[in-house]
Amino acid sequence: MKLKKQVTVCGGAIFCVAVFSLYLMLDRVQHDPITPPSPWFFQSQISVLQNRIEQLEQLLEENHQIISHIKDSVLELTDTGAISPSGHLPFRSANGSWVLPFDGRPTFLSVKPLDCQFALISGNCEMLDVYSLLSFDNVDGGVWKQGFEITYEPNEWDDEPLQVFVVPHSHNDPGWIKTFDKYYNDQTQHIFNNMVVKLAEDPRRKFIWSEISFFAKWWESADVHKQEAMRKLILSGQLEMVTGGWVMTDEANAHYFAMIDQLIEGHQWLEKNLGVTPRSGWAVDPFGHSATMPYLLNRANISSMLIQRVHYSIKKHFAATRSLEFMWRQTWDIESGTDMFCHMMPFYSYDVPHTCGPDPKICCQFDFKRLPGSRVNCPWKVPPRAITDANVAERAGVLLDQYRKKSKLFRSKVLLVPLGDDFRYDKALEWDQQYFNYQKLFDYMNSHPEMHVKAQFATLTDYFNAVYKANGVAPGTRPPDYPVLSGDFFAYADREDHYWSGYYTSRPFYKNLDRVLESHLRGAEVLYSLAVAHARRAGLEGRYPVSDYSLLTDARRNIGLFQHHDAITGTAKEAVVIDYGNRLLHSLVGLKRVIINAAHFLVIKNKDIYRFYQTEPFLETVRNSLDPIFLLFLRYLVLFNPIEQERLCVVTLLVNSVRVRVLTEDGQTLPVQLSAQWVSAVEMTSFKTYTLSCFFVQASFMARLPALGLAVFHLYDSADSPMTLRSDTQYIFVRRKDDPQEVRVQIQFLTYGTRPSKDKSGAYLFLPDGNAKPYLQREAPAVRVVEGPLFAEVVAHYQHFQQTVRIHNVPGVEGLSLDITTMVDIRDQNNKELAMRLVTDIQSGDTFYTDLNGFQIQPRRYFQKLPLQANFYPMPAMAYIQDSQYRLTLHTAQALGVSSLASGQLEVILDRRLMQDDNRGLGQGLKDNKRTANRFRLLLERRSGSGKVISFPSLLSHMTSTILNHDVLALPVLSRKHGVPPMRTFAPLAGTLPCDFHLLNLRSIQSLDTHSPSPYTALLLHRLGLDCGLEAQNPGFNCTTTQGQLSISGLFRGLDLQLLQPMSLSLMHPQPPLSNDSIINLEPMEISTYKLKLC
């Protein structure tokens, strides 16, 4: 009864404060009585009053929800018989559930109906229709094995000559068979050195380059004369930078945060050093293509793009319908705002034998690097011949025949012919061989009008501009009658049933490490930007370690490098993977330093006493449940919440005392759940030194953390700690039984083998030996059950994996899903792939949904006409199945391969160990497996919406993905000789972001000095697409939507906004600045970048 009264009083107090706040708000609407009012004054005051009334209505609605929540909480406590015999909380109620101290901060969810309309649009995914249409029969097409015979009439070009644009290029992998540095030293630097000389010899010569990571490395070592010569080539249009990303990113496993960040890093480098802006995208080697990429390029003001690795049956269909050039539109776009003009290369590869026309035997004869005497020859046994006056007529005729046949696959009489391959043009001789021989061919063709052709060297943008001109449209605009397409191009197959769906999971340890680095980078960017802005405002910029910016730059580039399509994919040599791993770990150390230095400045209460000493860090970082905190004395703990919403969560730390006590900044004691730390099924963690021997325990407590903020807690060893409770632990053995719940979810583990034939699974390919077989072991697994007031978990120990399923007793997002961690170790297996399958009674049929790059959802369908491996897709962030009543979403913290092979099922490949190469150039199997933690969240939601093709996650699902991918960071304060100065919680946001907004990044912008930032910051915002047709759950914080509107000027507490300027995604194209008090507006799914000046 006492508790009920306390809650009621608390609710009444909140109500009074809310009403009084409303009164003050209305009272502020007044005018200066001395100055006579003008007509416009009354009009403006009416407008202000109208705005205030609207705010008042919203506040009243929020207040109503708060009171309703209080009422519900009181009734719930009363109904459960939640009266503590001793008066202490937490305790067990009469029905056996745990009762925690009342949080005292009721929260509400308020999503405006208009914000739900977006998910109701009737979008389309044409690629699903294409898959339904095709038979995937792989009929022999003759010289074009995967296509068909192409014919033409000789007079077809009499009225409009064929324009041929030959685009020399060199594809340079920033790590694959060799490391990034070894490739650069052995080959890439020589390409650049030759480029400077050879392009300058003839202004008709052209070239394109893509990977800025390599170009930046060369530029930094080149002398001034080489730099000026290279700049001249770029400004004259002889050399074009295409896409301009740090790497040519993978599009299956990469998260959109990292895809954008590597694009920004490349574009910022180009802007700073060359002043050029890429206009065309070039992606010839990613193993399948995501619909996210055209959206990002569109937002970066790139108008056209090219792709290559697409399923051969899809290419054949697009070629037959002359749809190889199309407007690539996002599935949710019912107009054309996201359209990107896309060119799909029609043939097998991007090398010379597969780019001049349909017959590789003939095209290879025009790869003049393969002239007799070269180390490279033509597999078709007919070598190239140097062009002479005696043979130029015959050779030109043969080549023109291929050009004409290829042009018949397109809708314009403008033809693109790439001329290059991997690491080409590293020798001066090849430059001469290719350019001299082709120029002779071009001169002959162009001087003979009866051939009706104009051929030339070109850049990629030269080609696209000619296509637009031929069709009479502006660059980036849809030419008349050109098709529009939505969807993506996964899974990729290059021949037969060789589907490249294995790399979705290959080397999951590094895929997981990548996601940890991305979260740390984003957190470091946000804290650093805020710390520098506050230091600048306080006049303490000289004391703050602004030079930490070089650590951010280093991390941006190393994480960007890892997005390369042979890095995050897990398809590089073992030595190269180790090099990537060392780079990532080096950057992780640097990012932790950036975070602790920024947190140090931001939590110090009195900034006047702030001092930074490199050798005396104020804070340290711990891996929450792995690194111990010794409680031999009072310890202060700072917790960093890297997400943009307030967070109510369980924090778990490893401590050396079972008498730990945790206090908030204002002295409130928090309930603590103690659990044993286990190193095996039966052995607990212990620690021994010469003077100390103790067992460690996990201490878990519930914390409410400010959005993007830092909260201060006290930890100490206390003999009297009534709020500290031990978990109950018991051992059982597994016995299956039917689950009486409404939706039954069973977790199964299975294994795939590989084919006994010549072609076997490898780093790229998934070629299973049939359906998966149940995972079996002789002994029943040991199972440990832990149960306490904050969480309960079941841990099952198998021979090759350990699975932990935990549920949190926490209000809001964290308590609404199951936390699943599967620790996998298959290092003693040969040619095995371990899969986790969820089996439910959801009637999902043959349809399931996977995300693309964590940015959007793509509908999938299981096709029986395709082999099993063709039905697997990338899952960077989530996958779900649904019927008319329920949706079950599996959220993941690392990219893995996923499928739904039967109704009601979701299946994830957890790890793969393969003993052989799969004949795609790597020359190795996958034998360097590591013990890897695969982390998931399983979310079950009730549905009421209709089953549209285009689908979006719910708001709760978005939030679940965010908390899974952005852990709270624990930063213990280090002991100091002179004591710890006063600290306080740092809450950077003055208000709350609409909860359908994701703050993608707050990135300090470069200055001319690479070691320090400019005064400007890039704010990247993403407005999420929501499906409101799922049951709304209280998220544990105040959640409202605003129809995409946001005021930036009042967003950051204690900082003034001096510049608000919309920019293109990668900051290269500015728009006119807005007034500082402007309200910005984002459409659902929109990503926007703003340049801010905060001080």
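How many bridges join strand S15 to S41, and which way do the two strands run? The legends below take up this and other views of a predicted model.

**View 1. Strand S15 pairs with strand S41.** Four bridges join S15 (residues 635-640) to S41. The two strands run antiparallel. Within this pairing, phenylalanine 640 stands opposite leucine 969 of S41. Both strands belong to an open sheet of five strands, ordered S18-S17-S23-S15-S41. Pairing in the sheet is antiparallel. Its edges are strand S18 (669-670) and strand S41 (969-972), and each of these pairs on one side only. Strands of a sheet pair through backbone hydrogen bonds.

**View 2. Lysine 206 is a buried loop residue.** Lysine 206 is found in the loop between helix H4 (180-200) and strand S5 (207-209). The relative accessible area of lysine 206 is 15%; the cut-off for buried is under 20%, so the residue counts as buried. The side chain of lysine 206 makes a polar contact of 2.8 Å with the side chain of aspartate 462. Beyond its neighbours within four places in sequence, lysine 206 is in contact with Asp462 and also with Pro168, Leu199, Gly237, Gln238, Tyr435, Phe457, Ala458 and Thr459.

**View 3. Helix H14 is largely enclosed.** H14 covers residues 508-537, 30 residues in total. From first C-alpha to last, H14 reaches 44 Å, close to the 44 Å expected at 1.5 Å a residue. Of its 30 residues, 26 are buried, so the rest of the structure largely encloses this helix. Just after H14 comes glycine 539, with a positive phi of about 70°.

**View 4. Phenylalanine 489 sits in the largest nonpolar core.** This core holds 240 residues. Met230, Tyr403 and Phe489 touch the most other members. Helix H16 (residues 574-603) supplies the largest share of the core, 14 residues. Leaving aside neighbours within four places in sequence, the contacts of phenylalanine 489 include Met127, Ile307, Val310, Ile314, Phe318, Phe326, Trp328 and Met344. Gly288 and His289 are also among them. In soluble globular proteins, nonpolar side chains tend to be buried together.

View 5. The chain has a mean pLDDT of 89, and 85% of its residues reach 70 or more. Over residues 686-693 the pLDDT is below 50. That stretch has nine contacts in the model beyond near neighbours in sequence. Residues 731-740 also have pLDDT below 50, with 17 such contacts. Where pLDDT is low, the predicted coordinates should not be read in detail.

Methods
Residues numbered from 1 in each chain as written. Predicted model: local features only at pLDDT ≥ 70, side-chain atom pairs only at ≥ 80, totals over all residues. Heavy atoms only, no water. Expected span 1.5 Å × (residues − 1). Buried < 20%, exposed > 50% of the residue type's maximum accessible area, 1.4 Å probe, protein only. Core = buried A, V, L, I, M, F, W, Y, C linked by side-chain atoms within 4.5 Å. Contact = heavy atoms within 4.5 Å. pLDDT = per-residue confidence, 0-100. Polar contact = N/O pair within 3.5 Å; in protein donor to acceptor, adjacent residues only side chain to side chain. Pairing = 2+ DSSP bridges.
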